[in-house]
Amino acid sequence: MSSTTVSLSLAAGLLTLAGCAMLPSSQELDAQAQAVVKAAFRDQGIAKADRINQDLGQMACSSDRAVAPEQAKRIEAEALATIRLPAAGQYLGDWREGEKLAQSGRGMTWTDASAAPKDNGGNCYNCHQISKEEISFGTIGPSLYNYGKLRGIKDPADPASTPIVQYTWGKLWNSKAYAACSNMPRFGHFKLLDEEQIRHIMALLLDPKSPVNQ
């Protein structure tokens with residue numbers, strides 16, 4: 001190998017090292033990415049740009065690194081503390097109204113006139129099978145067909161049913177209480193649905209007379 005070739009190889013190596021040394025750090029890249037995302041959103045109608053602000057669970061679960069067990073426990077504990085049980089201990093409403101909510105995907109877009117929960121749907125079929133009558137449904141979440149029946153709920157008011165009833169309420173209110181990186185909407189925590197609407201969906205899932213449990 002000639003001295004010229006060696007010199008060129010050394011020069012190329014030094015340039016490569018210099019280039020590597022000049023690369024931005026992961027923190028700088030994260031900051032740049034956040035700036036790009038922030039610049040891409042704006043307030044429009046009821047949809048505000050603050051929706052891109054992440055809480056602990058969202059930041060951890062959208063990271064390129066797996067959530068550490070201790071961090072997952074913290075996320076779940078903080079979410080569990082936000083769950084508000086229904087007034088007067090009334091967990092179930094009307095499953096017929098729950099079915100309407102499950103069918104409706106309306107709400108929280110910039111074209112909606114109001115962000116009030118009463119104007120929102122639950123959009124449950126987008127992610128779950130719920131009844132045999134519905135032939136089109138999402139599969140992001142597990143099937144909820146026979147949800148109450150499979151869990152032995154013959155009378156939701158029976159004290160023996162309390163653990164499942166309260167778990168189901170909590171899952172609808174703030175799903176991250178039971179799975180740190182749950183994809184399920186946090187209906188109660190973010191005021192996507194009000195207590196009455198959640199009671200109706202509870203009835204759809206747990207009332208033995210609901211088509212879900214037939």
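**View 1. Helix 7 from end to end.** Helix 7 takes in residues 162-173, 12 residues in all, and its first and last C-alpha atoms lie 16 Å apart, close to the 16 Å expected at 1.5 Å a residue. Please keep in mind that this is a predicted model. Which residues of helix 7 are buried? They are V165, T168, W169, G170, K171, L172 and W173. Helix 6 and helix 8 (195-206) are among the elements that cover these buried residues of helix 7.

**View 2. A88 in the loop between helix 4 and helix 5.** Here we move to the loop that links helix 4 (69-80) with helix 5 (95-103), where A88 is found. Although A88 is not a glycine, its phi is positive, at about 60°. Most residues other than glycine have a negative phi. Is A88 buried or exposed? With a relative accessible area of 85%, A88 is exposed.

View 3. Our next stop is N146, in the loop between helix 5 and helix 6 (147-150). N146 is another residue other than glycine with a positive phi, in this case near 65°. How does its surface exposure come out? N146 has 13% relative accessibility and therefore counts as buried, the cut-off being under 20%.

**View 4. The whole chain, for orientation.** Stepping back, the protein chain has eight helices and zero strands, so it is fitting to ask how spread out they leave the chain. The radius of gyration is 25 Å, well over the 17 Å that the globule rule gives for 214 residues, so the protein chain is more spread out than a compact globule. Along its principal axes, the C-alpha trace spans about 90 × 40 × 35 Å. Of contacts between residues at least 6 apart in sequence, 56% join residues at least 24 apart.

View 5. Of its 214 residues, 33% count as buried.

Note on methods
Residues are numbered from 1 along each chain as its sequence is written. This is a predicted model: local features need pLDDT of at least 70, side-chain atom pairs count only at pLDDT 80 or more; totals for chains, interfaces and linings use all residues. Side-chain values use heavy atoms; hydrogens and water are left out. Helices (H or I, at least four residues) and strands (E, at least two) are DSSP runs, numbered from the N terminus. The radius of gyration is taken over C-alpha atoms; the globule rule is 2.2 Å times the number of residues to the power 0.38. Buried means under 20% relative accessible area, exposed over 50%, partly exposed in between (1.4 Å probe, protein chains only). Contact means heavy atoms within 4.5 Å. The expected span of a helix is 1.5 Å times one less than its number of residues.
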